[in-house]
Amino acid sequence: MNELSLNNLQELHITGVKINYYFVCSRKLWLFDRGLTMEQQSDRVYLGKLLDESAYPREKKRNINFDDLISIDIIDNNTIQEVKYGKTLEKANIMQIAYYLFYLRKYGIEREGLLTYPRLRKREKVILTNELIKELENAIQAIYTLIQFPKPPEVVRKPYCSKCAYFEFCFG
């Protein structure tokens, strides 16, 4: 897949969540793509949503949705922010916000990203580099291939599986 256009991304229905899940667990991504969403029953996901809603109350532009593919927590002057509960899945978080920057660039909108971890009182700037773009393009191709599989990938136990919303589904 060469240069990804906005139309390609929309046709493939690659969302920020799918990018995040790709870097967390391919099985979780495959199940999520099929409409199996376990997050509603997860206390950790609920805590994350509460944190997202309560952190940075003075920020005005919150939860901005573009094309039902990306949902940005906060937009200010020249930065988009993604609020996260913790840094355990930092790579996935970085790639998710990098995808938002990549997607917005397709509309001609240039921004910097900021991952915010209110509980940890930490912030991490994310700038869309050529290296990140290449990694995203490879991930998008891999996601497209993965979701074509007729069956989910095998379970691969990871250190954070016990805290995953899909834990019971995979290991129950």
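Is Glu82 buried or exposed? At 5% relative accessibility, Glu82 counts as buried (buried means under 20% relative accessible area, exposed over 50%, partly exposed in between, with a 1.4 Å probe and protein chains only). This is a predicted model, where local features need pLDDT of at least 70 and side-chain atom pairs count only at pLDDT 80 or more, while totals for chains, interfaces and linings use all residues. Residues are numbered from 1 along each chain as its sequence is written, and side-chain values use heavy atoms, with hydrogens and water left out.

**The overall layout**

- The chain has seven helices and five strands (DSSP runs numbered from the N terminus: helices are H or I with at least four residues, strands are E with at least two).
- The chain is 172 residues long, and 41% of them count as buried.
- Take the contacts between residues at least 6 apart in sequence: 68% of them join residues at least 24 apart (contact means heavy atoms within 4.5 Å).

**Back to Glu82**

- Glu82 sits in strand β3.
- Leaving aside residues up to four places away in sequence, Glu82 touches Ser71, Asp73, Gln96, Ile97, Tyr100, Leu114, Leu115 and Thr116.

**The nonpolar core**

- In soluble globular proteins, nonpolar side chains tend to be buried together.
- Here the largest nonpolar core has 38 residues, and Tyr99, Phe102 and Ile140 touch the most other members (such a core is a set of buried Ala, Val, Leu, Ile, Met, Phe, Trp, Tyr and Cys residues joined through side-chain atoms within 4.5 Å).
- At least two residues of this core come from each of α1 (6-12), α2, α3, β2 (70-76), α5 (90-106), β4 (112-117) and α6 (130-146).
- Helix α5 gives the largest share, ten residues.
- Phe102 touches Leu4, Leu9, Leu128, Ile133, Leu136, Glu137 and Ile140, again not counting residues up to four places away in sequence.

- Two packed helices are described by the angle between their axes and the distance between the axes.
- Axes are lines fitted to C-alpha atoms, for helices over the stretch in contact, and angles run from 0 to 180 degrees between N-to-C directions.
- Gly16, Lys18, Ile19, Asn20, Tyr21 and Val24 are buried in α2, and the buried residues of this helix pack against α3, β2, α5 and α6.
- With α3: α2 (residues 16-24) and α3 (residues 26-33) pack at about 150°, their axes 6 Å apart.
- That makes α2 and α3 roughly antiparallel (angles under 35 degrees count as roughly parallel, over 145 as roughly antiparallel, 65 to 115 as roughly perpendicular and the rest as oblique).
- The α2 and α3 crossing is left-handed (the near helix is turned anticlockwise from the far one by less than a right angle; clockwise would be right-handed).
- Val17, Lys18, Tyr21 and Tyr22 of α2 meet Ser26, Lys28, Leu29, Phe32 and Asp33 of α3.
- By class, that contact has five nonpolar, one polar and three charged residues (Ala, Val, Leu, Ile, Met, Phe, Trp, Tyr, Cys and Pro count as nonpolar, Asp, Glu, Lys and Arg as charged, and the others, Gly among them, as polar).
- With α5: the angle to α2 is about 150° and the axes are 8 Å apart, so these two helices are roughly antiparallel, and the crossing is right-handed.
- With α6: the axes of α2 and α6 come within 10 Å and cross at roughly 85°, so this pair is roughly perpendicular.
- Lys18, Ile19, Tyr22 and Phe23 in α2 meet Glu135, Leu136, Ala139, Ile140, Ala142 and Ile143 in α6, a contact with eight nonpolar, no polar and two charged residues.

**Loop residues worth a look**

- Most residues other than glycine have a negative phi, and most peptide bonds are trans.
- His13, in the loop between α1 and α2, has a positive phi of about 50° although it is not a glycine; at 37% relative accessibility, His13 is partly exposed.
- Arg121, in the loop between β4 and β5 (122-126), has a positive phi near 55° and is exposed, with a relative accessible area of 79%.
- Asn77, in the loop between β2 and β3 (79-83), is exposed at 74% relative accessible area.
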